[in-house]
Amino acid sequence: MTNAMKGQVNLELGGKTYTARLTVDSIMAIETATNQGIIKLAQSMSEGDLRMQDLLQILYLGLRNGGNDYTEIEVKKIIQDCGMVATTQAVATLLTKTLTVDSEEDTEGKSKKEL
């Protein structure tokens, strides 16, 4: 079960659910590896201008910080098995949920209106 307050996100890839999370350190590592700020990278992704290496880097760090002990080789296999379109959608979800905050939800995912 993910904890949105900790920035955890469920990603669906190839019929399997993965917990992912981007920390400040992982975002800094992504920015260094891609030579782009995270906002610019998200914008590039929305324009369909994302390199495979960038996709791999984001997914790899997201999965590792989500508590998964995957190697880059294993993440490459996930990408290969799921396809670039599905992987790109999952990474876009991870970036979007990392960069936005839903102030209408509490730590259990219930809206403040329901409380």
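This report looks at one helix pair and the salt bridges in a predicted model.

## About the model

Local features need pLDDT of at least 70 and side-chain atom pairs count only at pLDDT 80 or more, while totals for chains, interfaces and linings use all residues. Residues are numbered from 1 along each chain as its sequence is written, and side-chain values use heavy atoms, leaving out hydrogens and water.

## Helices α2 and α5

Let's start with α2 (residues 38–46) and α5 (residues 84–99), whose axes lie 11 Å apart at an angle of about 140°. This angle makes α2 oblique to α5 (angles under 35 degrees count as roughly parallel, over 145 as roughly antiparallel, 65 to 115 as roughly perpendicular and the rest as oblique).

Ile38, Ile39, Ala42 and Met45 of α2 meet Thr88, Val91, Ala92, Leu95 and Leu99 of α5, where contact means heavy atoms within 4.5 Å. Eight residues of this contact are nonpolar, one is polar and none is charged.

## Salt bridges

The whole structure holds three salt bridges, each a side-chain nitrogen of Lys or Arg within 4 Å of a carboxyl oxygen of Asp or Glu. In one of them, Arg51 and Asp54 bring their closest N and O atoms to 2.7 Å. Asp54 is buried at 2% relative accessibility, and Arg51 is partly exposed at 46% (buried means under 20% relative accessible area, exposed over 50%, partly exposed in between, with a 1.4 Å probe and protein chains only).

Asp69 pairs with Arg64 at 2.8 Å, N to O; Asp69 is exposed at 67%. Within helix α4 (residues 72–82), Asp81 and Lys77 sit four residues apart, about one turn of the helix, and their side chains form a salt bridge at 3.1 Å, N to O.

Note on methods: Axes are lines fitted to C-alpha atoms, for helices over the stretch in contact, and angles run from 0 to 180 degrees between N-to-C directions. Helices (H or I, at least four residues) and strands (E, at least two) are DSSP runs, numbered from the N terminus. Ala, Val, Leu, Ile, Met, Phe, Trp, Tyr, Cys and Pro count as nonpolar, Asp, Glu, Lys and Arg as charged, and the others, Gly among them, as polar.
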